[in-house]
Amino acid sequence: MPASDIVEAQWVAERRGLARFRTEQPPYSLLSRGIEREVLPVAQRYGMGTLVWGPFAQGLLTGRVRKGQQNDLRRAGMFRHLNDERRLDVVEQLIPLAEAAGLPMTHLAMAFTIAHPAVTSALIGPRTMGHLDDLLAGFDVTLSDEILDRIDEIVPPGTDVGTLDQAFQPPALLTPSLRRRPLGERAA
């Protein structure tokens, strides 16, 4: 949810003497960093845990999806974000960074996600024991400031590369009548 809704929920709970929200569950990955702008700082300010989902960008950051190459992801045909040229261009920049660091893409992606101080934990969603074994092998990976700075150059902090198909879209963006005056009231 947007940071403004988190703040409002905290205020309402305080005013009414109710239990307040303790966690937020937003998407977060090397490609989806928009929550760094407001959501993560607000969660920190209110002492909330942040359980992020999608640290592998729904398969893009596994190395299985490459620009101009066929992939074996069945859902690639169903979701636009898995075929988004901008996202694929960024993945192609991240792959050599992972290789230079001697890391599989999955380890780079997970280590980046949990490096943020506001991230409490990340949902990984392995589909096979092999996936789980790979992720567990990267449990102790710590990224240097140099690598994190290089990531910031590729995907600036607080920005998203494309939009996830299942990402939250506020009503004000989805409903034109919420962002446009009636036609008769638009004159300057």
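Which residue in strand 2 is the bridge partner of Glu24? Select Glu24 and look across to strand 2: the partner is Thr50.

**Before you go on**

This is a predicted model, in which local features need pLDDT of at least 70 and side-chain atom pairs count only at pLDDT 80 or more, while totals for chains, interfaces and linings use all residues. Residues are numbered from 1 along each chain as its sequence is written, and side-chain values use heavy atoms, with hydrogens and water left out.

**Stop 1: the whole chain**

Show the protein chain as a cartoon. Its secondary structure comes to seven helices and three strands. Here helices (H or I, at least four residues) and strands (E, at least two) are DSSP runs, numbered from the N terminus. Followed from the N terminus, the elements run α-β-α-β-α-α-β-α-α-α.

Of the 188 residues, 38% count as buried. Buried means under 20% relative accessible area, exposed means over 50%, and partly exposed is in between, with a 1.4 Å probe and protein chains only. Among contacts (heavy atoms within 4.5 Å) between residues at least 6 apart in sequence, 74% join residues at least 24 apart.

**Stop 2**

Two strands count as paired if DSSP finds at least two bridges between them.

Strand 2 (residues 49–52) is joined to strand 1 by two bridges. Select Thr23 and find Gly49 opposite in strand 2. Two bridges also pair strand 2 with strand 3 in the parallel sense; Val52 stands opposite Ala122 there.

Together they make a right-handed β-α-β unit. Right-handed means that, with the strands pointing away from the viewer, the path from the first strand over the helix to the second runs clockwise.

**Stop 2: the nonpolar core**

A nonpolar core is a set of buried Ala, Val, Leu, Ile, Met, Phe, Trp, Tyr and Cys residues joined through side-chain atoms within 4.5 Å. The largest one has 41 residues, and Leu30, Leu31, Leu61, Leu94, Leu108, Leu143 and Ile151 touch the most other members. Two or more residues each come from helix 1 (3–16), helix 2 (39–45), helix 3 (85–100), helix 4 (105–115) and helix 6 (145–154). Helix 3 gives the most, with seven residues.

Select Leu61 and show what surrounds this residue. Leaving aside neighbours within four places in sequence, the contacts of Leu61 include Leu30, Leu31, Phe56, Val91, Leu94 and Met105.

**Stop 3: helix 4**

Is helix 4 largely enclosed or largely open? Nine of its 11 residues are buried, so helix 4 is largely enclosed by the rest of the structure. Among the buried ones are Met105, His107, Leu108 and Phe112. The buried residues of helix 4 pack against strand 2, helix 3, strand 3, helix 5 and helix 6.

**Stop 5**

Select Arg33, in the loop between strand 1 and helix 2. Arg33 is buried, with a relative accessible area of 3%. Residues that Arg33 touches, not counting those up to four places away in sequence, include Tyr28, Phe112, Ile151 and Asp160.

The structure holds three salt bridges. A salt bridge is a side-chain nitrogen of Lys or Arg within 4 Å of a carboxyl oxygen of Asp or Glu. One joins Arg33 to Glu36, with the closest N and O atoms 3.0 Å apart. Glu36 is buried at 13%. Another joins Arg33 to Asp152, with the closest N and O atoms 2.9 Å apart. Asp152 lies in helix 6, so this pair ties together parts that are 119 residues apart in sequence.

Arg150 is partly exposed at 35%, and Glu153 is exposed at 58%. Salt bridges that share partners join Arg33, Glu36 and Asp152 into one network.

**Stop 6**

Select Leu132 in helix 5 (residues 129–137). Leu132 is partly exposed, at 25% relative accessibility. Then select Leu178, in the segment after helix 7 (171–174). Leu178 is exposed, with a relative accessible area of 54%.
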